[in-house]
Amino acid sequence: MNDQIKIPLWINIFGGFLAIFGLGMGIMGYLQPDIVISGFTGDTNAHNMAMWMTSGRNIAMAVVLGTALLSKKPELIGLAFIMRLVTEVTDMPATAISGVMGVPAMAVYAAYLLLFITPEVIAIMKMRSLSKSN
């Protein structure tokens, strides 16, 4: 009897993209931080520490999300998306207010809401429903 829950393809693709993107951004934060944040100079130890900590966080989230997706367990996948959602919600205003992206704040908010936050909320709700149906 196969009691494996089928995770929707879009969640695997979206989650996989987030994991690969986070891993890439994390590694680049150590190797080439000015690609991660345009104009980053690392001119102080505090700036470098902040970049390295952010990079470590990105790598950790990539590993957690990837591991959750590979587990095919809705509860773990849902938790990984909650982790991502909390991060996006806290990063969004910081990114908009800092102006480092070089675009108007409203464009930053729109991008976060459309590309990250909304799909993550939908994924969390889907994982919760799959978890309850099992």
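How many nonpolar, polar and charged residues are in the lining of the largest pocket? That was my starting point today, working from a predicted model.

**Entry 1: the pocket**

I sorted the lining of the largest pocket by class and got 19 nonpolar, eight polar and four charged residues. The volume of this pocket comes out at about 920 Å³. I then listed its lining, which has 31 residues. Nearest the centre I found I37, D91, T95, M101 and Y112. Next I looked up which elements give two or more residues to this lining, and they are α1, α2 (33-36), α3 (45-71), α4 and α5 (105-133).

**Entry 2: aromatic pairs**

I searched the whole structure for aromatic pairs and found three. I noted down two of them here.

One of them joins F14 and F81, and the pair is stacked, with 6.0 Å centre to centre and 0 degrees between the planes. Where do F14 and F81 lie? F14 is in helix α1 (residues 9-31) and F81 is in helix α4 (residues 74-98), so this pair ties together parts 67 residues apart in sequence. I checked accessibility too: F14 and F81 are both buried.

Another pair is F17 with F21, also stacked, at 5.7 Å centre to centre with 20 degrees between the planes. These two are four residues apart in helix α1, so about one helical turn separates them.

Methods
Residues are numbered from 1 along each chain as its sequence is written. This is a predicted model: local features need pLDDT of at least 70, side-chain atom pairs count only at pLDDT 80 or more; totals for chains, interfaces and linings use all residues. Side-chain values use heavy atoms; hydrogens and water are left out. Rings of Phe, Tyr and Trp (its six-membered ring) pair if their centres lie within 6.5 Å; planes under 30 degrees apart count as stacked, over 60 as edge-to-face and the rest as tilted. Buried means under 20% relative accessible area, exposed over 50%, partly exposed in between (1.4 Å probe, protein chains only). On a 1 Å grid over the protein atoms alone, a cavity is a set of points where a 1.4 Å probe fits but cannot get out, and a pocket is an open set with protein on both sides within 12 Å along at least five of seven lines; lining residues have an atom within 4 Å of a point. Grid points are joined across faces, edges and corners, and a volume is the space filled by probe spheres set on the points. Ala, Val, Leu, Ile, Met, Phe, Trp, Tyr, Cys and Pro count as nonpolar, Asp, Glu, Lys and Arg as charged, and the others, Gly among them, as polar.
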